[in-house]
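This report concerns salt bridges and nonpolar cores. Please examine the sequence and the structure shown below before reading on.

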Amino acid sequence: MRRADADGENQLAGLAERFGRACEFLRVPLDGPLVVACSGGADSAAALLLTRRVAPHAELIACYVDHAIRPPASIARDIAAVRAQARAANASVHVSRVSLGGKAAGSPEERARTARYRELAAVAARSGAGYVICGHQQDDVAETSLLALARGSGIDGVAAMRPLRMLADGLTLARPLLWATKLQCRELLRALRIPVSEDETNADTRIPRNAVRNFVAQIEEVLPGASRGMSRSAALLSDDKELLDVLTAATWQRSRIGDSHMLSATALRRLPIALARRVIRHATMMSGASLRGFSFEHCNAIATAIKEKRGGRYHAGSATVVLSAGKLAVMRDGD
């Protein structure tokens, strides 16, 4: 065995032990079809190889999604890398192309993410897979948390990248690699001599995530372990968010007027304003309205009006909140 092969095998075995524990904790089934989101980069390649290591008999599908926003030569390079990675992992390859929709809401990055997850869900449904595995790792958590802080998000934004997330009914997105660093993923692929593809747009610091990625790298140089600390903070906040979500749902239920979706303004007025804001957002979500565009300023204006015993109509994303006669009602736009 060549030295590089021995090094690669040792690294693979070491990372696989922790990856397997993560899959067990997340209850990822290791004996059925599994879709692994693959970009051609080291992170998703590491997730693919480690999944094969801990699930030797599973049917693995390496799914590459082309968002049609990069040059054809770049896409071809990505796909070639994914195919090489899939051969090493004894996985099949599925390549999809999606349209972002020029008039859709959100930034190009947000539209790409939405389209990618929608396509991954479709591939999983066709293959009978109940889980999609993504290669998000520790550095991604730190970047997401810092982006949320920079945008003025609260705990929901900072704790956004969770180990598990529902993509659709019966389909779960799993991130069993959140404990690993980007460097560990790169070193694994280098030691195994498996090609990776680097997205050239990652160097464009006009893209907010890329700018934050560079910032995290600079912090890590000055304060080693900083990304690990930020990742741990995000995990702790995620636990806190789950607790707050339970409290919010229970408070919303107690504040309802009978079996209706209307809430008692008097009951809301007794709440701490932070909890009142969360209940208002929960009520909006329960009405079926989208929370996109429902900013902190909008929500706080409603909570403040309740505290001050004022009525009126207030913007709430794709809905309108009406305060009148001691009641809060959510009216979806178009209803």
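R97 has a relative accessible area of 64% in this predicted model, and because values over 50% count as exposed, R97 is exposed. D66 is buried, at 9% relative accessibility. R97 and D66 form a salt bridge in which the closest N and O atoms are 3.7 Å apart. Since R97 belongs to strand β3 and D66 to strand β2, this pair ties together parts that are 31 residues apart in sequence.

The structure holds 19 salt bridges.

The largest nonpolar core comprises 40 residues, and V28, L48, L177 and L189 have the most contacts inside it. Among the elements giving two or more residues to this core are α1, α2, β2 and α3. The greatest contribution, 8 residues, comes from α2. L48 touches residues including V36, L60, A62, Q85 and A89. Another core, of 23 residues, lies apart from it and includes V279, A289, C299 and L328.

Helix α3 has 18 residues, which should span 26 Å at 1.5 Å a residue; its end C-alpha atoms are 25 Å apart, which agrees. Among its buried residues are I75, D78, I79 and V82. The buried residues of α3 pack against α2, β2 and β3. After α3 comes N90, with a positive phi near 55°.

Notes
Residues are numbered from 1 along each chain as its sequence is written. This is a predicted model: local features need pLDDT of at least 70, side-chain atom pairs count only at pLDDT 80 or more; totals for chains, interfaces and linings use all residues. Side-chain values use heavy atoms; hydrogens and water are left out. A nonpolar core is a set of buried Ala, Val, Leu, Ile, Met, Phe, Trp, Tyr and Cys residues joined through side-chain atoms within 4.5 Å. Buried means under 20% relative accessible area, exposed over 50%, partly exposed in between (1.4 Å probe, protein chains only). Helices (H or I, at least four residues) and strands (E, at least two) are DSSP runs, numbered from the N terminus. Contact means heavy atoms within 4.5 Å. The expected span of a helix is 1.5 Å times one less than its number of residues. A salt bridge is a side-chain nitrogen of Lys or Arg within 4 Å of a carboxyl oxygen of Asp or Glu. Lists of a residue's contacts leave out its neighbours within four places in sequence.
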